[in-house]
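Here are my notes on this one, written as numbered points. Have the structure open while you read.

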Amino acid sequence: MCEPDHLASTRAVYDHSAAQYVAGVGTAVSAKFEAPLDRAVLDAFAESVRSQEPGSVLDAGCGPGRVAAYLADRGLDARGVDISVAMIDAARAAHPHLRFDQGCLTALPLPDNSIGAAVYWYSIITTPPSELPAIWHELRRVLEPEGQALVAFQAGQGESVERADAYGSSAALTLYRHSVDDVLTSLRHGDFDIRAEIRRQPDLPHETTPQAFILLARSDLQIP
Ligand SMILES: C[S@@+](CC[C@H](N)C(=O)[O-])C[C@H]1O[C@@H](n2cnc3c(N)ncnc32)[C@H](O)[C@@H]1O
């Protein structure tokens with residue numbers, strides 16, 4: 001199990017605040033937290049993945065399983081992984097028909113080439129930029145050759161934001177506003193092709209930064 005400092009604090013904060021997260025954000029993708037464009041991106045991703053006849057789709061850093069449930073509702077065989085046991089418990093309670101496992105984005109509890117697609121929906125926001133290549137290396141390991149992925153995050157210049165009492169917990173958490181260009185570069189170095197890159201301005205009441213969405217595929221994927 002990987003456990004650098006950022007991961008220990010991520011686990012502590014989300015374990016402590018899972019109930020508050022569920023009360024505030026919910027257990028489903030919603031108009032309150034996903035703008036119309038965000039949901040359109042998820043829909044386009046689901047349609048593209050469906051057309052590839054994939055195996056299972058991983059909600060990587062799933063929290064309470066909102067995106068896994070959204071993709072399952074669109075006909076995909078979705079499952080989730082999260083470092084926080086409390087989040088996994090919340091996901092299982094909310095979506096008992098889906099599979100959720102505790103695990104780390106850099107050490108996924110999955111065999112090589114075993115998933116058809118993956119979504120990182122705001123789950124890289126507590127990972128320092130320097131650690132992203134390890135996440136993409138692990139993604140490359142578990143993705144089937146035709147695999148695709150979607151990454152969503154608050155965009156910035158790679159700066160960090162300190163939260164002293166994240167989600168109302170007493171634990172400190174560092175959040176990162178990743179540079180879109182740096183994320184794209186790290187993905188290309190990880191042997192992925194960029195299929196689409198979308199940035200939108202803050203649109204929802206709680207948003208203070210642009211939001212970024214990157215669609216990618218293993219570099220050996222043949223596009224018809
Ligand atoms: C902001 S929440 C988003 C949760 C979910 N994707 C959603 O949209 O509701 C970030 C989640 O990513 C998980 N996470 C962050 N870094 C992780 C890592 N390295 N490995 C596994 N899970 C991680 C956290 O535990 C947390 O549940």
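1. Is Leu76 buried or exposed? Leu76 counts as buried because it has 21 C-beta neighbours inside 10 Å. (Buried means 20 or more other C-beta atoms within 10 Å of a residue's own, exposed means 12 or fewer, and partly exposed is in between, with C-beta atoms placed from the backbone.)

2. Before going on, a caveat: this is a predicted model, so local features need pLDDT of at least 70 and side-chain atom pairs count only at pLDDT 80 or more, while totals for chains, interfaces and linings use all residues. Residues are numbered from 1 along each chain as its sequence is written.

3. Back to Leu76, which sits in the loop between α3 and β2 (78-82). (Helices are DSSP runs of H or I with at least four residues, strands are runs of E with at least two, and both are numbered from the N terminus.) Setting aside neighbours within four places in sequence, Leu76 is in contact with Ala46, Val49, Arg50, Val57 and Leu71; contact means C-beta atoms, placed from the backbone, within 7 Å. Ala46 is 30 residues away along the chain, yet the two C-alpha atoms are separated by 7.4 Å.

4. Now the core. The largest nonpolar core has 60 residues, and Val57, Ala118 and Val151 touch the most other members. (A nonpolar core is a set of buried Ala, Val, Leu, Ile, Met, Phe, Trp, Tyr and Cys residues joined through C-beta atoms within 7 Å.) Leaving out neighbours within four places in sequence, the contacts of Ala118 are Val57, Leu58, Ala60, Leu139, Leu143 and Ala149.

5. Next, a helix pair. α1 packs with α4 (residues 85-94) at about 30°, their axes 7 Å apart; axes are lines fitted to C-alpha atoms, for helices over the stretch in contact, and angles run from 0 to 180 degrees between N-to-C directions. Tyr14, Asp15, Ala18 and Val22 of α1 meet Val85, Ala86, Met87 and Ala90 of α4.

6. Finally, take a look at α6 (residues 180-189), whose buried residues are Val183, Ser186 and Leu187. They lie on the same side of α6 because they cover an arc of only 100° around the axis, the arc being that of the directions from the helix axis to the C-beta atoms. These buried residues pack against α5 (132-142), β5 (143-156), β7 (173-179), β8 (192-200) and β9 (211-218). The face turned away from the buried side carries exposed Asp181 and His189. After α6 comes Asp191, with a positive phi near 75°.

Note on methods: Contact = placed C-beta atoms within 7 Å.
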